[in-house]
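Subject: Structure for you to look at

Hello,

Here is the structure I promised to pass on.

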Amino acid sequence: MIIKKEDMKIQSRPRLRDGNGTVDFLHIVPESFRPEKCRLFSMMILEKGCSAGKHEHTNETEIYYVLEGEGIINDNGTIRPFLPGDCNICGSGDFHSVSNENDEPLKMMAVIIKD
């Protein structure tokens, strides 16, 4: 199966998890095509000043992988730069948040896998 870029849907989520601004999701694999345990397979795009607020995952794992831009990640209270090629794994019972304070968009893959 091939999903063409023009068939992928963009969803804008204002104040994602009580964050700032709007986070856009490019849903690369639509829900109807994802394996049962895969809840999300998307690219997140955060413009300057936007964030996904602090949130905990329960009975699932979320993986972020930075493609472009630079952000700040809060990984269970450890706050650090989040740079291209960096990966954050947030398992069940863990929390994270991410923000972009730079002029360039922060683009990252986001995958959620159910336990």
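Let me start with L106. Setting aside neighbours within four places in sequence, L106 is in contact (heavy atoms within 4.5 Å) with M44, I45, L46, V66, E68, G69, E70, G71, V98, S99 and N100. L106 belongs to strand β10, residues 106-114; strands here are DSSP runs of E with at least two residues, helices are runs of H or I with at least four, and both are numbered from the N terminus. With a relative accessible area of 0%, L106 is buried, where buried means under 20%, exposed over 50% and partly exposed in between, using a 1.4 Å probe and protein chains only. R80 sits 26 residues from L106 along the chain, and their C-alpha atoms are 15 Å apart.

A word on where this comes from: it is a predicted model, in which local features need pLDDT of at least 70 and side-chain atom pairs count only at pLDDT 80 or more, while totals for chains, interfaces and linings use all residues. Residues are numbered from 1 along each chain as its sequence is written, and side-chain values use heavy atoms, with hydrogens and water left out.

Now the chain as a whole. The protein chain has 10 strands and zero helices. Its radius of gyration is 14 Å, close to the 13 Å from the globule rule for 115 residues, so the chain is as compact as a globular protein of that length; the radius is taken over C-alpha atoms, and the rule is 2.2 Å times the number of residues to the power 0.38. Along the principal axes, the C-alpha trace spans about 40 × 30 × 25 Å. Buried residues account for 42% of the 115. Of the contacts between residues at least 6 apart in sequence, 59% join residues at least 24 apart.

The part around β6 is worth a look too. Strand β6 (residues 71-75) pairs with strand β7 (residues 78-82) in the antiparallel sense over five bridges; two strands count as paired if DSSP finds at least two bridges between them. The two form a hairpin with two residues between them, and N76 in the turn has a positive phi of about 55°. β6 also pairs with strand β9 (residues 95-99), again antiparallel, over four bridges. Which residues stand opposite D75 in β7 and in β9? In β7 it is T78, and in β9 it is H96.

Best wishes
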